[in-house]
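Trainee: Please put the sequence and the model on the screen. I would like to go through cavities, side-chain contacts and backbone geometry.

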Amino acid sequence: MKPILLPILQPAVVVVLLAMGTLMAQSKKDAAKKGAHPLPDAAEEAQTPRVVESTRPEQTKTSHDADPDKFKPDKAPLVNAAVKDQPKGGAITGFDFYRDPLNADKPMQTLGEIMTADKHDKAAIMDAQKKLLESRYNLQPKAHPTEKMSRGKPVPMGPTARLKDGKTWADLDTMKPEDIKQNDAFPYPALPHPKQVAGGMVFPAMQIEMFPRLQRYDVDFDLPDAFLPEFPPAIFLQSRPELGDVSRGEVISINNYYKLFKDILTPVQLDGLRLLLTPMPQEEFNATDDRKSEQPSLGVTCFDCHVNGHTTGQFHLNPDDRPQQRRMRLDTVSLRGVFNQQIHGSKRSLRSVEDFTEFEQRTAYFNGDEIHAFKKGAMILDRVQVSHMAQMQNMFDFPPAPKLDPVTGRLDKSKASESELRGEQLFFGKAQCANCHPAPFYLDQLYHDLKTERFINEAPLGPIKSFTLRGIKESPPYLHDGRCLTLEDTVEFFNLVLQTHLTEDEKKDLADFLRTL
């Protein structure tokens with residue numbers, strides 16, 4: 001067909017097409033050299049218009065089309081002459097929440113004005129966040145000498161927290177909570193979103209490199225890649241355990257899901273995976289002026305955050321149980337093992353994966369704000385679609401843990417090291433970890449309030465759901481907001497908060513055990 005059609009085209013169009021083909025071919029070669037995904041992102045392609053040559057009279061812009069004032073709302077003629085004598089001349093002179101972007105400084109402020117200001121402020125915002133992180137942590141990564149994640153990424157080691165005023169961990173261990181608070185010595189304060197007033201989803205640079213549609217113009221990701229999970233993460237299916245990692249080293253997207261999984265999943269699961277990979281409008285990524293992507297966006301997919309059914313440390317603000325000023329940074333959790341969880345999200349009211357899937361659209365996607373959700377294009381999923389998505393989510397399994405007994409979830413003594421065995425005894429004893437994380441799945445389905453306000457002058461957070469510790473070495477950073485960059489930091493955090501008074505050797509043993517999970 002091509003040899004027949006090509007000569008019919010205008011010469012200029014032929015040149016453009018040939019040039020585009022050459023550029024695309026070269027782009028794919030360059031991507032292959034860099035090890036990047038060789039395919040274009042279908043979601044980005046779908047929302048990217050093509051510039052075409054103007055050859056038809058109807059394509060020509062007229063003076064009517066180009067009139068800068070004709071289509072402005074304040075230039076519209078009055079519905080009738082009497083309106084001008086009514087209050088405010090019959091016009092809305094204040095904010096119109098359908099028209100004006102969220103956090104606009106004045107009515108009818110344009111996207112261009114907001115974007116220009118946000119871009120101008122971005123460098124200073126990220127510089128301030130970088131200085132904050134460097135003041136709290138040693139961000140020079142230190143890898144565990146032997147432990148790797150499923151696809152080979154080194155597991156980071158710590159602790160990374162910087163202690164104030166020359167104090168040591170032993171010093172803090174002897175201090176009472178009120179003394180730590182009075183001396184402002186607590187080493188793990190809440191980790192803030194770089195831009196609280198806007199909040200919203202922020203994606204790591206390694207993901208944006210593959211999917212540029214996830215780039216925000218106002219803020220960037222803040223933590224170094226070394227303290228994040230693998231990208232791409234491995235995928236383990238409880239329905240096909242004999243296959244091991246089924247990701248084959250790819251980030252699953254709408255481009256490749258069918259090719260990779262058509263012979264592995266059931267039709268219902270495959271359709272659920274399709275839906276999990278389909279972009280839907282979201283608070284910061286949508287087609288309106290009220291967005292944080294430079295170009296209008298189809299939205300984000302469930303698996304933009306839960307990459308390969310796991311996570312790569314994407315974060316936003318807790319979207320659903322408190323107003324914006326009191327929302328806390330929330331790290332994306334893994335979907336591995338979600339089939340065994342009986343309560344979902346921070347809403348405290350979702351008792352099934354189906355409920356969680358349905359209400360993510362109304363909460364996480366739009367920060368719990370239904371007023372803006374419909375403005376930006378909220379998708380109302382029916383229960384059939386939701387059930388398909390849930391059936392897929394329920395297939396994601398934990399990574400293999402060869403040192404654990406498959407029934408009890410406890411260490412097989414013939415396979416574990418002495419340090420790991422001592423760590424297990426601490427976990428179920430002195431360290432008190434098993435109070436919230438009992439075997440075999442290392443979670444208790446409950447919410448717990450650690451009352452960290454005893455140690456630091458910060459607003460109380462209230463109860464937070466405990467998460468499974470299975471596969472925990474593959475999910476840094478830790479805690480709900482990612483404030484503990486490594487497992488060693490997490491051990492130090494709980495040693496202080498629970499006042500368990502572990503020795504340095506005991507802390508090491510406990511971290512060694514956690515890596516076996």
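The questions below take these topics in turn.

Trainee: What kind of model is this, and which pLDDT do local features need?
Mentor: Residues are numbered from 1 along each chain as its sequence is written, and side-chain values use heavy atoms, with hydrogens and water left out. This is a predicted model in which totals for chains, interfaces and linings use all residues, side-chain atom pairs count only at pLDDT 80 or more, and local features need pLDDT of at least 70.

Trainee: How much space lies in the largest cavity?
Mentor: A cavity is a set of points on a 1 Å grid over the protein atoms alone where a 1.4 Å probe fits but cannot get out. Points are joined across faces, edges and corners, and the volume is the space filled by probe spheres set on them. The count comes to four cavities of 30 Å³ or more. The space in the largest cavity is about 110 Å³.

Trainee: Which residues are closest to the centre of the largest cavity?
Mentor: Lining residues have an atom within 4 Å of a point. By class, the lining has nine nonpolar, four polar and three charged residues (nonpolar: Ala, Val, Leu, Ile, Met, Phe, Trp, Tyr, Cys and Pro; charged: Asp, Glu, Lys and Arg; polar: the others, Gly among them). Of the 16 lining residues, the closest to the centre are Arg213, Ile252, Ser253, Thr301 and Asp304.

Trainee: How far apart are the closest N and O atoms of Lys131 and Asp127?
Mentor: Both residues sit in helix α5 (residues 111-136), and because they are four residues apart there, about one helical turn separates them (helices, H or I of at least four residues, and strands, E of at least two, are DSSP runs numbered from the N terminus). Lys131 is exposed at 52% relative accessible area, while Asp127 is partly exposed at 36% (buried is under 20%, exposed over 50%, partly exposed in between, with a 1.4 Å probe and protein chains only). The two form a salt bridge with their closest N and O atoms apart by 3.2 Å.

Trainee: How many salt bridges are counted?
Mentor: The rule asks for a side-chain nitrogen of Lys or Arg within 4 Å of a carboxyl oxygen of Asp or Glu. One network of them links Asp118, Lys195, Arg216, Asp218 and Lys292. The count of salt bridges comes to 35.

Trainee: How many residues apart are Arg151 and Asp245?
Mentor: These two form a salt bridge, with the closest N and O atoms 2.5 Å apart. Arg151 lies in the loop between β1 (143-148) and β2 (154-156), and Asp245 in the loop between α8 (205-210) and α9 (257-261). The pair thus links distant parts of the chain, and the separation is 94 residues.

Trainee: Which residue forms a salt bridge with Lys430?
Mentor: Lys430 is partly exposed, with 37% relative accessibility. At 2.9 Å between the closest N and O atoms, its salt-bridge partner is Glu506.

Trainee: What is the angle between the ring planes of Phe493 and Phe494?
Mentor: Rings of Phe, Tyr and Trp (its six-membered ring) pair if their centres lie within 6.5 Å; planes under 30 degrees apart count as stacked, over 60 as edge-to-face and the rest as tilted. Phe493 is buried at 1% relative accessibility, whereas Phe494 is partly exposed at 28%. Their pair is edge-to-face, with 5.0 Å centre to centre and a plane angle of 80°.

Trainee: Which residues form one aromatic cluster?
Mentor: The structure holds 16 aromatic pairs. The members of the cluster are Trp169, Phe186, Tyr188, Phe455, Phe493 and Phe494.

Trainee: Over the ring of which residue does the charged end of Arg410 sit?
Mentor: The test is that NZ of Lys or CZ of Arg is within 6 Å of the ring centre and within 35 degrees of the ring normal. Arg329 lies over the face of Phe315, 3.6 Å from the ring centre. For Arg410, at 3.7 Å from the centre, the ring is that of Phe428.

Trainee: What is omega for the peptide bond from Phe231 to Pro232?
Mentor: Pro232 is found in the loop between α8 and α9. A cis peptide bond also joins Gly158 and Pro159, with omega of about 0°. The bond from Phe231 to Pro232 is cis, and its omega is near 5°.

Trainee: Is Gln445 buried or exposed?
Mentor: Gln445 lies in the loop between α15 and β5. Its phi is positive, near 65°, although the residue is not glycine. At 17% relative accessibility, Gln445 counts as buried.

Methods: 1 Å grid on protein atoms, 1.4 Å probe; cavity = no way out; pocket = protein on both sides within 12 Å on 5 of 7 lines; lining within 4 Å.
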